[in-house]
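Please read it alongside the sequence and the coordinates shown here.

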Amino acid sequence: MKRLEELQAREEARFVETHPRSRELAQQARSHLFEGVPMHWMRKWPGGFPVFVQEATGARFTDVDGIEYVDFCLGDTGAMTGHAPAPTLKALTDQSAKGITLMLPSEDSLWVSEELTRRFGVSSWQFALTATDANRFAIRLTRHLTGRSTILVFNWCYHGTVDETFATLGADGVVRARSGNLGPPVDPATTTRVVEFNDVDALERELAGGDVALVLTEPALTNIGIVHPEPGFHDALRELTRVHGTLLAIDETHTICCGPGGYTQEHGLEPDVVTIGKPIAGGIPAAAYGFSAETAARLAGTIELEDVDVGGVGGTLAANALSFAAMRATLGEVLTEEAFARMIPLAERWTAGVEAGISESGLPWHVTRLGCRAEYLFGPSRPSTGQDAHDAGDAALERYMHLFALNRGILLTPFHNMALMSPATTEADVDRHTDVFREAVLELAGVG
Ligand SMILES: Cc1ncc(COP(=O)(O)O)c(C=O)c1O
């Protein structure tokens with residue numbers, strides 16, 4: 001621990017010394033930005049202050065001190081397309097001269113909804129600006145449809161800033177507000193059941209009362225480290241939700257990393273609802289939620305025309321023309337089959353590099369991959385529940401690894417040890433990470 005503290009102090013000093021302009025801006029920012037950042041979680045970047053960005057293209061960005069970075073964070077998936085992909089940029093330029101937001105549909109909405117149907121199977125789509133809102137609206141509409149007030153999520157899930165999902169399972173099996181849950185409107189135990197991912201028995205027990213409107217889940221957890229579903233888990237989840245009249249929503253916001261149609265298409269899932277946001281418009285705010293034909297048929301006609309704009313589902317800027325132009329270009333020309341065929345092998349290469357570093361160092365860590373996303377965790381084996389993954393976390397170690405990488409021109413996601421490949425990422429970028437990771441772990445383990 002003492003050794004880690006010393007290494008951390010060394011890296012912090014190096015960071016401050018090499019980022020004078022970012023430091024100056026961070027000090028100025030304290031005057032009119034709450035706690036010195038425009039979004040409070042930016043305080044979480046390692047080093048005491050965030051680097052200020054000058055410009056970003058493809059898989060790289062340059063900061064205001066003129067340092068270039070390989071970006072494996074990619075806006076925590078918002079920029080999985082790479083920064084400023086040319087087709088999206090062109091569509092944005094063209095569309096912004098022709099109208100940005102009108103509260104009227106453009107033809108692009110037809111193309112985008114057909115394409116999402118082709119990719120994810122569900123066939124009746126609505127649009128929002130963020131994945132958070134897509135999830136909120138899906139929850140509202142499925143509660144409305146089923147007449148049930150409760151939803152079920154898996155322990156340590158993340159689906160955006162959705163009140164009902166900020167609930168965790170205590171060691172005593174009782175549902176509680178997640179630590180850090182700011183001002184919950186009600187005790188989440190009144191809105192939400194929580195079970196461990198991969199725990200079919202608990203799922204069955206919680207659905208058996210027939211009062212759960214919706215199970216909302218990522219098909220593999222990605223926000224507490226990667227937790228893969230065990231064989232048979234998705235079959236059981238689908239069967240149990242059907243038996244108990246509960247709808248099933250699959251949140252593909254991160255798991256689109258598995259391929260053009262996300263985990264759903266790759267593994268032939270049959271959800272009632274799919275939600276997605278972040279990269280589908282190349283970083284321009286856009287999100288979607290789609291219903292299966294059967295769910296849409298049940299929902300049709302149940303929303304009064306007079307109340308359609310005040311029912312708690314909406315947003316003036318949602319479904320705007322600019323977002324649709326960006327989605328059409330991004331889905332049509334950037335996040336394509338060919339792009340995934342490049343991105344996934346890069347993640348395999350990244351994983352192999354990390355694996356080699358871990359094994360050379362002898363540290364009891366492991367690395368997991370999901371499509372073009374990969375992540376190392378500070379435990380010897382793959383977690384099978386959110387709690388296992390949570391318990392393998394180590395905030396001090398994480399801060400150190402991130403700062404070590406940042407000081408050597410590599411950006412990882414601040415919330416976990418995640419790396420994402422974009423269509424613009426290269427093998428050389430991956431190998432740079434491998435070298436830096438190796439240097440970090442060998443030093444940490446005192447090997448070599
Ligand atoms: C699986 C998942 N769903 C939804 C969201 C919310 O996305 P946003 O913050 O863009 O609303 C996130 C954000 O990390 C996510 O990981």
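This is a predicted model: local features need pLDDT of at least 70, side-chain atom pairs count only at pLDDT 80 or more; totals for chains, interfaces and linings use all residues.

Helix axes are lines fitted to C-alpha atoms over the stretch in contact, and the angles between them run from 0 to 180 degrees between N-to-C directions. With that convention, the axes of helix α4 (residues 108–120) and α10 come within 9 Å and cross at roughly 40°, which makes α4 oblique to α10.

**Helix α10 and its contact with α4**

- The crossing of α4 and α10 is left-handed.
- On the α4 side the contact involves Asp108, Ser109, Trp111, Val112, Glu115, Leu116 and Arg119, which meet Phe324, Ala325, Met327, Arg328, Leu331 and Gly332 in α10.

**Helix α10 and its contact with α3**

- The axes of helix α3 (residues 86–96) and helix α10 (residues 321–333) come within 8 Å and cross at roughly 155°, so that α3 is roughly antiparallel to α10.
- The crossing in which α3 passes α10 is right-handed, and the contact is made by Pro87, Thr88, Ala91, Leu92, Gln95 and Ser96 of α3 together with Ala321, Leu322, Ala325, Ala326, Ala329, Thr330 and Glu333 of α10.
- The residues that form the contact of α3 with α10 divide into eight nonpolar, four polar and one charged.

**Helices α11 and α14**

- Helix α11 (residues 337–361) and helix α14 (residues 427–445) have axes that come within 9 Å and cross at roughly 15°, and the two are therefore roughly parallel to each other.
- As α11 passes α14, the crossing is right-handed; the residues in contact include Leu346, Arg349, Trp350 and Gly353 of α11, and Glu427, Val430, Asp431 and His433 of α14.
- Across the contact of α11 with α14, the residues divide into nine nonpolar, five polar and five charged.

- Glu427 forms a salt bridge with Arg349, in which the closest N and O atoms are 3.5 Å apart; because Glu427 lies in helix α14 and Arg349 in helix α11, the pair ties together parts that are 78 residues apart in sequence.
- Elsewhere, salt bridges that share partners join Arg10, Glu11, Arg408, Glu439 and Glu443 into one network.

**Other salt bridges**

- The structure holds 26 salt bridges, and among them is the one in which the side chains of Asp172 and Arg176 meet, with an N to O distance of 2.6 Å.
- Within that pair, Arg176 counts as partly exposed, its relative accessibility being 39%.
- Arg242 forms a salt bridge with Glu270, and the closest N and O atoms of the two are 3.1 Å apart; the pair links distant parts of the chain, with Arg242 in helix α7 (residues 233–243) and Glu270 in the loop between α8 (262–267) and β11 (273–276), 28 residues apart.
- Arg242 is partly exposed, with a relative accessible area of 48%, and Glu270 likewise counts as partly exposed, at 49% relative accessibility.

Key:
Residues are numbered from 1 along each chain as its sequence is written. Side-chain values use heavy atoms; hydrogens and water are left out. Helices (H or I, at least four residues) and strands (E, at least two) are DSSP runs, numbered from the N terminus. Angles under 35 degrees count as roughly parallel, over 145 as roughly antiparallel, 65 to 115 as roughly perpendicular and the rest as oblique. A crossing is left-handed if the near helix is turned anticlockwise from the far one by less than a right angle, and right-handed if clockwise. Contact means heavy atoms within 4.5 Å. Ala, Val, Leu, Ile, Met, Phe, Trp, Tyr, Cys and Pro count as nonpolar, Asp, Glu, Lys and Arg as charged, and the others, Gly among them, as polar. A salt bridge is a side-chain nitrogen of Lys or Arg within 4 Å of a carboxyl oxygen of Asp or Glu. Buried means under 20% relative accessible area, exposed over 50%, partly exposed in between (1.4 Å probe, protein chains only).
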